[in-house]
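Biologist: Please bring up the model. I want to go through its side-chain contacts with you.

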Amino acid sequence: MGKFSRLESGAAAGAAAPELVRRTTYNSAQLPLAYEADADVDLVAWVREHRKELRDDLHQHGALLFRSPVRPDFGAIVEAFSGDLVDYQGGAAIRSRVGETTYTASEYPEELEIRQHSEFCYSNDWPMLLFFQCDIEPQDRGQTPLTDNRALMEAIPEHIRECFRERELLYVRGYGYNRTWQRSYETESREEVEKLCRAEGRRVEWGDEDQLRTYERRPAIARHPVTGDEVWFNYAHGFHISRMDSGIREALSTAPDDADDQLWPNNVFWGDGSEIDAETISVVNDIVERHTVQFDWQDGDVLVVDNMLAAHGRRAFSGPRRILLKIAESYASTQGVKA
């Protein structure tokens with residue numbers, strides 16, 4: 001175990017304690033790399049003490065899982081690892097705040113799966129780090145699967161990859177009855193929404209009945225500022241209208257009888273506004289699914305995801321389940337120095 005075999009802070013500093021925290025993995029992709037701590041480990045102090053090594057492992061694996069028989073303080077773990085929290089204003093998911101800096105994970109209907117994605121990959125800024133904690137352990141599915149975005153770059157056929165690189169993407173998002181702009185942007189002010197969108201380089205269009213539609217052109221491939229790796233960093237396979245199956249359409253449509261593709265909550269085109277062939281999206285989606293792995297949540301687990309190196313999603317579930325989320329380290333403000 002070497003550097004991870006001893007707790008070097010607090011009352012236990014200097015005491016022999018072999019394998020207080022054990023490294024392990026739950027799948028062949030080693031995603032996430034897991035740390036299983038003994039009950040007497042001060043996990044917050046341990047994370048703070050080993051922060052540099054943990055970040056090195058995060059850059060290698062893309063995600064880390066902290067597991068302990070004693071539920072760790074979520075906020076304290078995040079503070080020990082980063083602390084530079086950011087808001088979720090303008091995101092595509094339906095979330096609720098739990099306290100000042102904590103959100104629920106997506107509140108989409110439990111019978112629907114959420115496809116693999118990186119948060120705010122459709123924006124000109126995004127959080128570098130995502131922190132999840134299992135607040136209520138699911139008993140029936142409900143995993144948070146992970147996908148290596150570097151592996152996707154290698155697996156997607158070159159002609160498709162280069163087409164995405166050259167043509168870029170235009171994301172179109174509609175806000176209506178189910179996902180309102182007021183909830184997404186956490187404001188009742190149109191002026192505030194327009195200000196936030198201008199800062200993001202996002203074009204705003206207001207429609208009837210206080211509906212909002214936004215447009216933003218973004219690259220489909222990005223380079224990680226610390227590792228230098230090129231990563232598949234887009235949500236074409238999730239936002240494309242061909243992936244909007246009947247269950248998602250019913251849950252997210254801006255109106256019960258919505259027949260206008262442009263008013264649907266999410267869609268994506270080539271950067272010039274032309275349509276992307278559904279077969280191309282299908283090829284990408286199949287590759288994403290083949291490279292996706294998962295683990296089963298346990299009560300109190302804390303998952304740290306490098307938002308550029310790994311995509312995440314959600315399996316359908318039934319029964320109780322609650323996953324909390326904190327996001328940290330804006331790419332635009334840090335340029336990855338801390339990520």
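What follows is a short exchange on charged and aromatic side chains.

Modeller: This is a predicted model, where local features need pLDDT of at least 70, side-chain atom pairs count only at pLDDT 80 or more, and totals for chains, interfaces and linings use all residues. Residues are numbered from 1 along each chain as its sequence is written, and side-chain values use heavy atoms, with hydrogens and water left out.

Biologist: How many salt bridges does a search of the whole structure find?

Modeller: A salt bridge needs a side-chain nitrogen of Lys or Arg within 4 Å of a carboxyl oxygen of Asp or Glu. Searching the whole structure on that basis gives a count of 23.

Biologist: Which residue meets aspartate 135 in a salt bridge?

Modeller: The N to O distance is 3.1 Å. The pair links distant parts of the chain, 64 residues apart: aspartate 135 is in strand β7 (residues 127–136), its partner in the loop between β3 (63–67) and α3 (74–81). Helices (H or I, at least four residues) and strands (E, at least two) are DSSP runs, numbered from the N terminus. The partner is arginine 71.

Biologist: Is arginine 213 buried or exposed?

Modeller: Buried means under 20% relative accessible area, exposed over 50%, and partly exposed in between (1.4 Å probe, protein chains only). Arginine 213 forms a salt bridge with glutamate 205 at 3.0 Å, N to O. Glutamate 205 is partly exposed at 30%. Arginine 213 has a relative accessible area of 14%, so it is buried.

Biologist: Why is the pair of tyrosine 122 and tyrosine 171 given its class, and what is that class?

Modeller: Rings of Phe, Tyr and Trp (its six-membered ring) pair if their centres lie within 6.5 Å; planes under 30 degrees apart are stacked, over 60 edge-to-face, and the rest tilted. Here the ring centres are 6.1 Å apart and the planes stand at 65 degrees, so the class is edge-to-face.

Biologist: Which residues do ring pairs link into a cluster with Tyr122 and Tyr171?

Modeller: Tyrosine 122 and tyrosine 171 are both buried. Ring pairs join these two to Phe120, Tyr235 and Phe239.

Biologist: Which ring does the charged end of arginine 203 sit over?

Modeller: A charge sits over a ring if NZ of Lys or CZ of Arg is within 6 Å of the ring centre and within 35 degrees of the ring normal. For arginine 203, the distance to the centre is 4.0 Å. The ring is that of tyrosine 215.
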